[in-house]
Amino acid sequence: NKESPFHVYVLQNPSNRFYVGHTHDLTSRVASHNRTDEVSGKYTRKNGPWKLVWSERHSTRSEAMRREHEIKSWK
């Protein structure tokens, strides 16, 4: 769907670590982060389970990427 918005999101794991990302399919992306079948080199798959604690919509990928970088700079 060419009109689907992009999302910037924050995940949190049981160790109170956070992960910030962006996607056009929030449900699938969170599920992907929580997969356990293939963990080599995948930070979120090795450090989950993750829960979605925050997200916001953006109309373009470039807006979402700008916002993701802004949030990551707060750490």
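## Strand 1 and its partners

Strand 1 pairs with strand 3 (residues 51-58) in the antiparallel sense, over seven bridges. Strands here are DSSP runs of E with at least two residues, helices are DSSP runs of H or I with at least four residues, and both are numbered from the N terminus. Two strands are said to pair if DSSP finds at least two bridges between them. Within this pairing, the bridge partner of His7 in strand 3 is Arg57.

The model is predicted: local features need pLDDT of at least 70, side-chain atom pairs count only at pLDDT 80 or more, and totals for chains, interfaces and linings use all residues. Residues are numbered from 1 along each chain as its sequence is written, and side-chain values use heavy atoms, with hydrogens and water left out.

Strand 1 also runs antiparallel to strand 2 (residues 18-23), and six bridges join the two. Gln12 stands opposite Phe18 in strand 2. The hairpin of strand 1 and strand 2 has five residues between the strands, and Asn16 takes a positive phi near 60 degrees there.

## Burial of strand 1

Strand 1 covers residues 6-12 and is mostly covered, with seven of its seven residues buried. Buried means under 20% relative accessible area, exposed means over 50%, and partly exposed lies in between, using a 1.4 Å probe and protein chains only. The side facing one way holds Phe6, Val8, Val10 and Gln12. His7, Tyr9 and Leu11 point the other way, and the residues on both sides are buried.

## Salt bridges

The structure holds four salt bridges. A salt bridge is a side-chain nitrogen of Lys or Arg within 4 Å of a carboxyl oxygen of Asp or Glu. One of the four joins Arg67 and Glu56, with the closest N and O atoms 2.6 Å apart. This pair links distant parts of the chain, as Arg67 is in helix 3 (residues 61-72) and Glu56 is in strand 3, eleven residues apart. Both Arg67 and Glu56 are buried.

Arg67 also forms a salt bridge with Glu70, at 3.0 Å between the closest N and O atoms. These two residues both lie in helix 3, three residues apart, which is about one turn of the helix. Glu70 is partly exposed, with a relative accessible area of 38%.

Glu68 and Lys72 form another salt bridge, whose closest N and O atoms are 2.7 Å apart. Because Glu68 and Lys72 are four residues apart in helix 3, about one helical turn separates them. Glu68 is buried at 8% relative accessible area, while Lys72 is partly exposed at 34%. Salt bridges that share partners join Glu56, Arg67 and Glu70 into one network.

## Aromatic pairs

Rings of Phe, Tyr and Trp (its six-membered ring) pair if their centres lie within 6.5 Å; planes under 30 degrees apart count as stacked, over 60 as edge-to-face and the rest as tilted. By this rule there are three aromatic pairs. The ring centres of Tyr9 and Tyr19 are 6.4 Å apart and the planes stand at 35 degrees, so this pair is tilted. Tyr9 lies in strand 1 and Tyr19 in strand 2, so the pair ties together parts ten residues apart in sequence. Tyr9 is buried at 1% relative accessibility, and Tyr19 is partly exposed at 24%.

Tyr19 also pairs with Trp50: the ring centres are 6.4 Å apart and the planes are at 65 degrees, so the pair is edge-to-face. Trp50 lies in the loop between helix 2 (43-46) and strand 3, and Tyr19 lies in strand 2, so this pair ties together parts 31 residues apart in sequence. Trp50 is buried, with a relative accessible area of 5%. Tyr9, Tyr19, Tyr43 and Trp50 form one aromatic cluster.
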